[in-house]
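I opened this notebook to record what I looked up in one structure. The entries follow the order in which I took up each topic.

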Amino acid sequence: MTTLLSDFSIKLKRALTGREDAVLVYLNNFEVEEYWNEQGVLKLPSLSIGSASDVVNRMEELGVFLAGEQDVVLLKSLPDPGFVADARAVGFGRSRFIATESNEPGMNITANILHCPRTLEKLHELAHDRSIQTYLVPFGVSDQEEELSRLTGIPLAVPPANVFRKVNDKGYARRLNAELGIRQIPGCECSSLEELSSGFEQLKSALEQGGRLVLKDSMGVSGKGITVIAEESRFRKCMSLLEKQASKNGTRTVNYVLEQWMNKTCDLNYQILIDRTGEIEFLGVKESLVEQGVHQGHLMPPRLDNNQMAVIQEAAFRIGAALHRDGYYGIAGIDAILDEDGSVWPNLEINARFNMSTYQINIQNRWISDGMFGLAKKYALRLNEKLKYEDLRSVLGQLLFDPLKGEGLLINNFATVNAAFKSTGSLFSGRLYGVIIAHSEEQLRATDIAVEAALTTINEVK
């Protein structure tokens, strides 16, 4: 029988609560950043994709692979029994699940629970069980999670919303780089239209030399709020849109960073765990797969030499200490890049919350040992009817993870496949999340190609 793996859960309990016997209630409220935006701040229009939010709202199922045996995972609906059986066969999925009595697709998990009286009642009972000490552990904290904690009586194991808002601001990351002497991409933080205009004047010589600039919403998430500027006319158009808003709303406040675009070899993401006392543990680094600012997956191990690793680790501990000084503890992921000269830019953005990498930690610790290779990614599906888990298994067949061989595709979220389903015959987009594990990089790529090909046959089902 496979042993349940809860090492990281225990480590997290110790860091966040000081005790290993605590029960963590995982609330995987992805894209909590949407709730951190401040009122009265001018923004450029951004594309909103309706059905994508239905899918994002079901990413909470990734928590099945993060929670320990004594923990609780809050879900919008219970996982498919076959998915749970497969998770348990490889050492995960033995935590308790509490699902909302009604899944509202357009709501994230927190809002959904707040609209479900019976689910709130279950959590309230959990909080008053004197045999256990229970803590709420969200992906990130906004006013909504504070409200859920207050209503249920389950204390938060992480800092309050105002701390999350402060340290997840892209401008905060830049200011920290300047303070700590961490290598910084040329750019500026802009809190007014005047600062934005002035910053452009300082940076526009990069355009004249054939380069590009990038304008980032400081609280943007998943590629939203990113504008690439290749010509001065593009910046002037952005300013014109913001000036129109300023005239209408009576404010000139913005929250952007404007930076020089860097040509890179790859994106990187590294994680740290900061405990309540300020002790910092480096959890590792991965190559990030990013398309147009949107996260697509991770490649393990990263192709870095010892010097590049040393630069990242030094930055990690210095950033961790500063985050703790500023009131934050818990998981933090930091985005970095490796440029074309092989130099590391260690801190482009701080995601002081759970990261996609967080949900891969237990899988990585158990199945991706030194010398092994891993590829965590999402596969796009285009369906016109609900896909059954057993049918997906049948299509993937021998490509699925085999614990005896230690390789194959390990599915770690199935809920996102059918999350946007409305009615039979109506096309919808789904995502399958998984981690491919292989003994060689070549096998990793071959399995990825084979999975893509197999899923194409599902996409063609009419």
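**Entry 1: cysteines**

I began with C266, which is buried at a relative accessible area of 10%. For these notes, buried means under 20% relative accessible area, exposed means over 50%, and partly exposed lies in between, with a 1.4 Å probe and protein chains only. I then looked up C116 and found this residue buried as well, with a relative accessible area of 4%. A disulfide is a covalent bond between the sulfur atoms of two cysteines. My search of the whole structure returned zero disulfides, the criterion being a pair of cysteine sulfur atoms within 2.5 Å.

I note the basis of the work here: this is a predicted model, in which local features need pLDDT of at least 70 and side-chain atom pairs count only at pLDDT 80 or more, while totals for chains, interfaces and linings use all residues. Residues are numbered from 1 along each chain as its sequence is written, and side-chain values use heavy atoms, with hydrogens and water left out.

**Entry 2: the whole chain**

I counted 15 helices and 16 strands in the protein chain. Helices (H or I, at least four residues) and strands (E, at least two) are DSSP runs, numbered from the N terminus. The C-alpha atoms fill a box of roughly 65 × 50 × 50 Å along the principal axes.

Of the 462 residues, 54% are buried. The accessible surface comes to about 20000 Å², and carbon and sulfur atoms account for 48% of this area. Accessible areas come from the Shrake-Rupley method with a 1.4 Å probe; for residues, only the protein chains shown count as cover. I also looked at contacts, meaning heavy atoms within 4.5 Å. Among contacts between residues at least 6 apart in sequence, 71% join residues at least 24 apart.

I looked up T119, which sits in helix α5 (residues 117-127). T119 counts as buried at 2% relative accessibility. Leaving out residues up to four places away in sequence, I listed I98, A99, T100, E101 and I113 as what T119 touches.

V141 is in the loop between β4 (134-138) and α6 (143-152). Its relative accessible area is 0%, hence buried. With residues up to four places away again left out, V141 touches V32, W36, E146, L156, V158, P159, P160, A161 and F164. I took the C-alpha to C-alpha distance from V141 to W36 as 8.9 Å, for a separation of 105 residues in sequence.

For α9 (residues 193-203), I found L193, L196, G199, F200 and L203 buried. Seen down the axis of α9, these residues fall within an arc of 120°, so they line one face of the helix. The arc is that of the directions from the helix axis to the C-beta atoms. The cover over the buried residues of α9 includes β5 (187-192), α10 (205-208), β6 (213-217), α11 (232-249) and β8 (253-260).

For α14 (residues 389-396), the buried residues are Y389, L392 and L396. They lie within an arc of 60° down the axis of α14, so they too line one face of the helix. E390 and S394 are exposed on the face of α14 turned away from the buried side. The buried residues of α14 pack against α3 (81-89), β15 (408-413), β16 (428-438) and α15 (441-459). Just after α14, I noted a positive phi of about 45° at G397.

**Entry 3: aromatic rings**

I found 14 aromatic pairs in the structure. Rings of Phe, Tyr and Trp (its six-membered ring) pair if their centres lie within 6.5 Å; planes under 30 degrees apart count as stacked, over 60 as edge-to-face and the rest as tilted. F354 and Y359 have ring centres 5.9 Å apart and planes at 85°, so the pair is edge-to-face. F354 is buried at 4% relative accessible area, and Y359 is buried at 1%.

F421 and F428 also form an edge-to-face pair, with 5.6 Å centre to centre and 80° between the planes. F421 is partly exposed at 21% relative accessible area, whereas F428 is buried at 4%. Last, I recorded one aromatic cluster formed by Y26, F30, F139, F354 and Y359.
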